[in-house]
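Please read it alongside the sequence and the model.

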Amino acid sequence: MTTHHTSEGPSGPAPRRIGPARIGIYAFLLISALFFLLPLYVMLVTSVKPMAEIREGGLFALPSAVTFEPWIRAWSSACTGLDCRGISPGFWISVKILIPSVIASILIGAITGYALSFWRARGANLLFAALLLGAFLPYQVFIYPLVRIYSATGLFSTIYALVLTHVIFGLPVMTLLFRNYYAGIPIDLFKAARVDGGKFFSIFFRLMLPMSIPMLVVAVILQVTGIWNDFIMGLTFGGLANRPMTVQLTNLVAPTEGEIAYNVNMAATIMTAAVPLIIYFISGRWFVRGIAAGAVKG
Amino acid sequence: MKQRPIRWSVYVGLMPAILIVVFAYLGTMIWTVGISFTDSRMLPAARFAGVNQYIRLFATDRWLTSIQNMVIFGVLMIGISLVLGFLLAVAIDQRVRAEGVLRTVILYPYAMSFIVTGLVWQWILNPTLGIEKTVRGWGFESFRFDWIVGQDTAIYCVVLAGVWHAAGLVMAIMLAGLRGIDPDLWKASRIDGIKPWRFYLHIVIPVLRPSFISATVLLSLGVVKLYDLVLVLTGGGPGFSSDVPAKFVMDYLFQRQNIGLATAAATTLLVTVLCVLTPWLYTEYFRRQTPKG
């Protein structure tokens with residue numbers, strides 16, 4: 001039988017013998033798996049084919065001569081607009097946006113969640129309600145005034161504008177995540193810390209933050225994938241100087257004159273998808289927890 | 001906890017959140033709504049124009065098409081993802097082999113960005129490159145699969161890519177729900193000789209109600225915000241046949257320089273979301289809330 005990774009084993013009825021139902025289940029799963037794998041297959045296969053082979057063979061044929069030249073070009077010499085340094089500058093810009101954004105948004109979200117769950121500040125419910133609404137509203141409602149504010153303050157097209165934007169729009173989910181997590185921590189622990197003379201920040205940094213490591217992992221997964229995959233913020237606030245990798249990718253694949261280098265485009269696409277995919281494969285179960293906890297309930 | 005005076009440090013801790021809510025959310029929101037009542041075009045103008053922008057907005061075919069597309073996308077993407085995700089979870093739950101591999105394969109699209117999703121599907125659905133060309137290459141010369149270049153069908157390509165992206169998420173939520181069902185329920189149904197499909201239909205689905213709600217909320221988050229996927233998959237085309245509201249707003253803000261119309265459209269979205277959301281948020285988080293401490 002299959003390997004059971006966890007105690008929570010399958011709960012469906014035990015299989016009898018190989019019957020039509022069993023075959024049906026496997027057929028359904030197999031066809032579905034092919035549907036989900038198809039794009040990854042197309043990307044991988046096309047990215048290692050020479051252009052001549054793409055022209056005659058179509059997108060789905062296996063490569064007969066594997067070449068890594070498209071990968072090298074995609075990384076270092078393909079043109080994104082007028083800039084012909086490949087997708088690598090975008091990669092590093094994304095990294096520069098990612099690291100401070102992840103740290104700042106998680107820290108502020110955790111402090112807010114902590115303040116909302118343990119300290120009865122006045123208007124806390126109102127603040128929480130406003131944050132929740134913020135999670136659901138379309139960015140288009142906020143975007144134009146933010147562009148004006150960033151332009152007026154000289155922040156526009158800087159890394160700071162993007163970090164600030166990711167903090168702003170990441171705050172609702174991060175707050176929700178930590179508020180729900182802290183709701184599960186016994187209040188007596190907090191009371192004891194207060195009796196010991198703990199202050200707001202000392203209780204947070206010395207007691208709550210170390211206790212939040214499981215939730216911090218979830219938050220990091222959620223924010224790294226979310227911020228890396230962002231497009232609209234990078235497009236709107238990054239200007240020409242700080243376009244993240246997703247934005248540069250769309251410029252790279254935009255049809256220019258001459259033949260479209262599908263192999264280079266697909267290699268660049270894989271590179272752009274690589275960071276969240278690696279996180280997904282490494283974190284596995286935590287990723288599922290992250291997406292489940294991050295949005296609605298803890 | 002005994003009521004003590006709240007220290008100022010609590011408000012210091014809450015200050016970033018307060019500033020963000022007041023300035024970045026409320027301030028910009030009011031600003032956007034404000035512009036929508038002026039006759040601003042390229043630059044914001046202070047002249048009050050009443051609901052003129054809204055009248056123009058709802059006389060714009062492109063806006064009406066985009067609203068219609070949002071509804072089509074929302075209903076189909078959420079509906080199909082829920083059904084497919086649930087069926088996948090049930091199938092995986094039948095003690096199948098290679099469960100871990102299947103789960104991984106079904107969920108990985110959710111980790112990818114809409115840009116990547118859109119690009120890949122654009123290549124696959126492209127009639128001169130992808131599926132159509134390949135099937136014709138096998139000898140079926142009259143095979144047609146050109147939804148992406150059809151006025152009436154392009155939006156269904158967006159649905160297809162959306163389902164590909166989201167079905168795994170539903171599967172993960174449903175699988176967790178299935179694993180949480182009391183084992184005695186299964187035993188009882190087996191002893192009573194209830195047919196599996198009836199058991200799933202009449203007992204499992206009602207028990208999984210919270211999972212269905214969570215999944216629906218998660219998926220609907222993306223419906224109003226749908227932008228990147230359309231941008232790279234169809235570009236809103238052919239013409240404006242697969243346009244969506246978020247893209248309409250972005251185009252009129254930054255390319256067509258018609259800020260009044262764009263903010264009127266954004267405000268319409270805002271009001272729509274608030275109408276749907278407020279009752280749900282209230283019941284979910286505030287009605288049966290027991291404050292700590």
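A residue is called buried under 20% relative accessible area, exposed over 50%, and partly exposed in between, with a 1.4 Å probe and protein chains only. On that scale A:Tyr41 is partly exposed, since its relative accessible area is 31%. The model is predicted: local features need pLDDT of at least 70, side-chain atom pairs count only at pLDDT 80 or more, and totals for chains, interfaces and linings use all residues. Residues are numbered from 1 along each chain as its sequence is written, chains are lettered from A and ligands numbered from 1 in the order in which they are written, and side-chain values use heavy atoms, with hydrogens and water left out.

**Layout of chain A**

- Chain A contains 14 helices and zero strands, where helices (H or I, at least four residues) and strands (E, at least two) are DSSP runs numbered from the N terminus.
- The C-alpha trace of chain A spans about 75 × 70 × 30 Å along its principal axes.
- Of the 298 residues in chain A, 55% are buried.
- A:Tyr41 belongs to helix α1 (residues 20-47) of chain A; its C-alpha atom is separated by 9.5 Å from that of A:Leu62, 21 residues apart along the chain.
- A:Gly58 sits in the loop between α2 (51-57) and α3 (69-76) of chain A and is buried at 5% relative accessibility.

**Aromatic contacts**

- Over all chains there are 39 aromatic pairs, a pair being rings of Phe, Tyr and Trp (its six-membered ring) with centres within 6.5 Å; planes under 30 degrees apart count as stacked, over 60 as edge-to-face and the rest as tilted.
- One of these pairs is A:Phe142 with B:Tyr25, which is tilted at 5.3 Å centre to centre and 45° between the planes.
- This pair joins two chains, because A:Phe142 lies in helix α6 (residues 140-153) of chain A and B:Tyr25 in helix α1 (residues 8-36) of chain B.
- A:Phe142 is buried, at a relative accessible area of 0%, and B:Tyr25 is buried as well, at 3%.
- A:Phe231 and B:Tyr227 make another tilted pair, 6.5 Å centre to centre with 35° between the planes.
- A:Phe231 is in the loop between α10 (213-229) and α11 (232-237) of chain A and B:Tyr227 in the loop between α10 (209-225) and α11 (228-233) of chain B, so this pair also joins two chains.
- Both partners are buried: A:Phe231 has a relative accessible area of 2% and B:Tyr227 one of 4%.
- One aromatic cluster in chain A has among its members A:Tyr114, A:Trp119, A:Tyr181 and A:Phe205.
- A:Arg179 is placed over the face of A:Phe128, 3.9 Å from the ring centre; the criterion is NZ of Lys or CZ of Arg within 6 Å of the ring centre and within 35 degrees of the ring normal.

**Disulfide and cysteines**

- The count is one disulfide over all chains, defined as a pair of cysteine sulfur atoms within 2.5 Å.
- The disulfide joins A:Cys79 to A:Cys84, with an S to S distance of 1.8 Å, and is right-handed, with 95° about the S-S bond.
- A:Cys79 is partly exposed at 36% relative accessible area, as is A:Cys84 at 37%.
- In chain B, B:Cys157 is buried at 0% relative accessibility, whereas B:Cys275 is exposed at 56%.

**Salt bridges**

- There are 11 salt bridges over all chains, each a side-chain nitrogen of Lys or Arg within 4 Å of a carboxyl oxygen of Asp or Glu.
- A:Glu69 pairs with A:Arg73, the closest N and O atoms being 4.0 Å apart; both residues lie in helix α3 of chain A, four residues apart, about one turn of the helix.
- A:Glu69 is partly exposed at 42% relative accessibility, and A:Arg73 is partly exposed at 35%.
- B:Arg136 and B:Glu132 form a salt bridge at 3.5 Å, N to O; B:Arg136 is partly exposed at 29%, whereas B:Glu132 is buried at 8%.
- B:Lys187 and B:Asp184 form a salt bridge at 3.7 Å, N to O, and both lie in helix α8 (residues 183-191) of chain B.
- A network of salt bridges links B:Arg62, B:Asp243, B:Lys247 and B:Asp251.
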